[in-house]
Amino acid sequence: MPHATDVTRNGPGVEQRWALFYRWGPYVLLGTGTVLAAFTAAPLGMSRAEVYACGVLVVAALVLQLWWERASSGAEGPTRTSTVYFAVRMAIGFALTWMNPLFAFQVAVNYWDAGRLLPKRLVVPGLLAAAATVAGSQSGGLPPDGPTGWLVFLGLMAVNLGLLLLFSHLARLEEDRARTQAATIAELERTNTALQQALDENAALHSQLLVQAREAGVADERRRLAAEIHDTLAQGLTGIIAQLQAAASTPDPAAGRDRLDRALALARESLGEARRSVHNLAPVALADGGLPAAPCTTSPRSRSPTADCPAR
């Protein structure tokens with residue numbers, strides 16, 4: 001037997017269809033019972049007073065339904081007003097079915113509305129009242145006629161109650177499954193949110209590590225260049241200065257030339273070391289295509305074109 005929760009868990013299409021049923025179902029079932037009762041009033045031997053009474057009760061049922069549409073606007077779940085509405089509609093349906101069994105169509109709508117209009121403690125009594133009314137209609141009318149009529153009535157009522165209990169049990173199972181599924185989905189959403197936050201933090205940490213690694217690489221390269229300049233170029237220049245000073249202070253021309261030759265050799269060696277250092281710092285374009293293929297650059301200190309670049 002459908003409940004209000006069945007509407008919310010099956011998507012907007014099913015929700016709209018159930019909303020249409022709850023909106024127009026009572027009118028359709030009441031109209032169906034009224035038409036059938038009107039055609040069968042004479043064969044069933046209804047008196048004029050019963051026909052008039054049925055007409056008054058049908059109008060009362062219509063007024064009650066119109067009132068309920070306004071009273072239930074915006075209401076959610078069972079309330080005292082919904083309980084009163086269910087009880088009055090059930091009483092009208094029982095009275096109509098008592099006078100003509102075909103009015104039981106109007107009572108059948110209570111099977112679907114008991115779970116959403118009545119509090120839990122009144123759902124079973126409401127279903128019993130609806131089942132008794134429908135069973136009376138199926139057995140030939142109320143009250144049952146003789147022992148056989150009562151046996152048939154009790155048997156039909158047992159069948160109706162069994163079906164109601166079965167449908168209620170299945171509905172509870174569906175509700176439990178829906179609650180479990182909703183809890184699982186909520187947990188997955190929380191897990192996905194936490195995972196996304198962890199991914200964002202990981203991305204930020206990765207970017208920070210890249211920056212730190214780049215800065216560490218630059219610092220290491222600077223230390224390496226400083227050590228290389230100190231070990232090669234600075235020592236070579238120091239040797240050149242020492243040789244030139246010795247050549248300038250010696251009175252022997254041969255010894256002076258020897259000092260100058262040593263200074264020249266140290267200068268050439270230092271020049272080679274400088275070229276090697278510059279070659280290690282050369283851009284990829286220089287390494288792949290050579291100087292003619294490389295883009296023209298300017299000296300970072302002088303802002304003037306290099307020797308191999310044409311003046312602009």
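Here is a short tour of this predicted model, stop by stop. Residues are numbered from 1 along each chain as its sequence is written. In this predicted model, local features need pLDDT of at least 70 and side-chain atom pairs count only at pLDDT 80 or more, while totals for chains, interfaces and linings use all residues; side-chain values use heavy atoms, with hydrogens and water left out.

**Stop 1: the whole chain.** You'll find 9 helices and 0 strands (DSSP runs, H or I of at least four residues for helices, E of at least two for strands, numbered from the N terminus). Of the 312 residues, 27% are buried (under 20% relative accessible area with a 1.4 Å probe, protein chains only; exposed is over 50%, and partly exposed is in between).

**Stop 2: a cavity.** Now select Pro 26, Tyr 27, Leu 30, Ala 61, Leu 62, Gln 65, Arg 89 and Gln 106, which line the largest cavity. A cavity is a set of points on a 1 Å grid over the protein atoms alone where a 1.4 Å probe fits but cannot get out, and lining residues have an atom within 4 Å of a point. This one holds about 60 Å³ of space. Helix H2 (11–40) and helix H3 (48–71) each give at least two residues to its lining.

**Stop 3: helix H7.** Which helix holds Leu 163? Pick out residues 146–249: that's helix H7, and Leu 163 lies in it. Leu 163 is partly exposed, with a relative accessible area of 41%.

Definitions and conventions: 1 Å grid on protein atoms, 1.4 Å probe; cavity = no way out; pocket = protein on both sides within 12 Å on 5 of 7 lines; lining within 4 Å. Points joined across faces, edges and corners; volume = space filled by probe spheres on them.
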